[in-house]
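Work through each task before reading its solution.

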Amino acid sequence: MTRASAGALLRWYAREARDLPWRRTRDPYRILVSEVMLQQTQVARVVPRYEAWVARWPTAEALAAAPLGDVLREWVGLGYNRRAVRLHEAARHVAAHGWPAPERLEELPGVGPYTAAAVGSFAFGRQVVALDVNAKRVFARAGALEPPPGQAAAFNQATMELGARVCTARRPRCGECPLSAGCPSRGAVAAPAPRARAARPRFEDTDRYVRGRIVAALAAGEPLPAAIAPERVDRAVAALERDGLVVRNGRMVELPGSSDPGAR
């Protein structure tokens, strides 16, 4: 990808970027919230949940002061509840110690290389490429390029946006792509042939499903799911307890440290 291609990409993004609430801020806390929520969750689902979250806990300090049970209750429906635990831990770290230097954001609980690069770029202006799955696909097809000086945040947003909406995995729209003129993959990307896969259990038959139903039930103040076999519930409760997502109080199970525990 040439410097001219990077310019074309940035001009395309200036015209086509979706108006997403986390793109209107440079607050590292709000950007971190959005990045954690967006992991394996579609943008359309995240927007209203993000807005409700930052309305309730507008700062890292506010989130840090919240009981973990309330945090888990607010997270229900976003999946992978451990993400909420790590986000809460990260907020507590920030409340106690402040934000790490932009190049050391991986010191925060649950923050890996991509999230550190994204928050560093979008919040602190760090000149670094943030490679989510969409950006990786764009670079694999069109070639990689360092962001233009001082424009890392826009460049990273642009590559992610392009991969999400135009340079898609199965049906890339090369005719709409600002990089198509110099892209070696133009017109050569076909949807991969379906591969034979080993039979997978239904989601409803997995431990992850049971764990999610338990957390959702406790968050709503309801009993543990009676429709699921007791041995599956017991196994899932034990795993949730190991992960710090529930606590036992005698024979009761409840969300940890909640101001309104849904214990059953």
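**Exercise 1.** Is Asp205 buried, partly exposed or exposed?

*Solution.* The structure is a predicted model. Step 1: take the relative accessible area of Asp205, which is 40%. Step 2: compare this value with the limits, since buried means under 20% and exposed means over 50%. Step 3: conclude that Asp205 is partly exposed.

**Exercise 2.** Determine with which residue Arg202 forms a salt bridge, and describe the exposure of Arg202.

*Solution.* Step 1: the partner of Arg202 is Asp205, and the closest N and O atoms of the pair are 3.1 Å apart. Step 2: the cut-off for a salt bridge is 4 Å, so this pair qualifies. Step 3: Arg202 has a relative accessible area of 52% and is therefore exposed.

**Exercise 3.** Identify the network that contains Arg165, then examine the pair Arg165 and Glu161.

*Solution.* Step 1: salt bridges with shared partners join Arg18, Arg23, Glu161 and Arg165 into one network. Step 2: within the salt bridge between Arg165 and Glu161, the closest N and O atoms lie 2.8 Å apart. Step 3: both residues belong to helix 9, which covers residues 152-165; because they are four residues apart, about one helical turn separates them. Step 4: Glu161 is buried, at 0% relative accessibility, whereas Arg165 is partly exposed, at 26%. As a general principle, side chains of opposite charge can pair when their charged atoms come close.

**Exercise 4.** Describe the salt bridge between Glu176 and Arg173, and state how many salt bridges a search of the whole structure finds.

*Solution.* Step 1: the closest N and O atoms of Glu176 and Arg173 are 3.1 Å apart. Step 2: Glu176 is partly exposed, with 47% relative accessibility. Step 3: Arg173 is also partly exposed, with a relative accessible area of 36%. Step 4: the search of the whole structure finds 16 salt bridges.

Terms used: Residues are numbered from 1 along each chain as its sequence is written. This is a predicted model: local features need pLDDT of at least 70, side-chain atom pairs count only at pLDDT 80 or more; totals for chains, interfaces and linings use all residues. Side-chain values use heavy atoms; hydrogens and water are left out. A salt bridge is a side-chain nitrogen of Lys or Arg within 4 Å of a carboxyl oxygen of Asp or Glu. Helices (H or I, at least four residues) and strands (E, at least two) are DSSP runs, numbered from the N terminus. Buried means under 20% relative accessible area, exposed over 50%, partly exposed in between (1.4 Å probe, protein chains only).
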